[in-house]
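Subject: Structure handover

Hi,

Here is the structure I promised you. Please open it alongside this email.

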Amino acid sequence: MNCIFVFSCLAGLSLGLEVHQSHSDLIKKAGDKIQIFCSHERTNYRVMLWYQRSPGDTAMKLIGYLYFKDVIMEDGYQKDFRISGDLGGETAKNGSLIIQTLEQVHTGVYYCAAREAQ
Ligand SMILES: *[C@@H]1O[C@H](CO)[C@@H](O)[C@H](O)[C@H]1NC(C)=O
């Protein structure tokens, strides 16, 4: 069996923001689909960003982000990743990152961050 490790962590870009992520430590196998949720209580934060940090790499690479309910994906991430959620209402925010079919190359640490829309 070909196992890969996907760890999710969290980071709020703004001090004092408490962001909750659904799995702090995920171990999945190749071929699985995963969905990582990220939620917080800042009702006026309408941007949610998702980052990837690959093992042995210090760079946090932007996968894409939600802007209200629009999804903006960065180059190179359109094929394997999906972002979903609707940050438009006046309620607590809840978005997710989906990896359609896990492969070894997806091993890494995934971060979500939130901020206001400018
Ligand atoms: C976010 O949405 C998902 C799917 O609808 C749900 O399972 C999860 O409990 C929600 N998280 C929070 C903190 O509301």
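Below are the notes on the fold, the cores and one lysine.

First, the ground rules. This is a predicted model, where local features need pLDDT of at least 70, side-chain atom pairs count only at pLDDT 80 or more, and totals for chains, interfaces and linings use all residues. Residues are numbered from 1 along each chain as its sequence is written, and side-chain values use heavy atoms, with hydrogens and water left out.

**Fold**

The chain has 10 strands and 0 helices. Strands (E, at least two residues) and helices (H or I, at least four) are DSSP runs, numbered from the N terminus. Of the 118 residues, 39% are buried. Buried means under 20% relative accessible area, with a 1.4 Å probe and protein chains only. Among contacts (heavy atoms within 4.5 Å) with a separation of 6 or more, 57% join residues 24 or more positions apart.

**Cores**

A nonpolar core is a set of buried Ala, Val, Leu, Ile, Met, Phe, Trp, Tyr and Cys residues joined through side-chain atoms within 4.5 Å. The largest one holds 17 residues. Trp50, Ile63, Phe81, Leu97 and Tyr110 touch the most other members. Strands E4, E5, E6, E8, E9 and E10 each give two or more residues to this core. E4 supplies the largest share, 3 residues.

Leu97 touches Trp50, Ile63, Phe81 and Tyr110, among others, not counting residues up to four places away in sequence. A second, separate core has 6 residues, including Val47, Tyr51, Val109 and Ala113.

**Strand E4**

E4 has two faces. Ile34, Ile36, Cys38 and His40 form the covered one. Gln35, Phe37 and Ser39 form the uncovered one. E4 pairs with E9 in the antiparallel sense over 7 bridges; pairing takes at least two DSSP bridges between the strands. Cys38 stands opposite Gly95 in E9.

**Lys93**

Lys93 also sits in E9. Instead, a polar atom of the Lys93 side chain lies 2.9 Å from the backbone oxygen of Thr43. The backbone oxygen of Leu87 is 3.2 Å from a polar atom of that side chain. Lys93 also touches Cys38, Ser39 and His40, among others, not counting residues up to four places away in sequence.

Best wishes

Notes:
Buried < 20%, exposed > 50% of the residue type's maximum accessible area, 1.4 Å probe, protein only. Polar contact = N/O pair within 3.5 Å; in protein donor to acceptor, adjacent residues only side chain to side chain.
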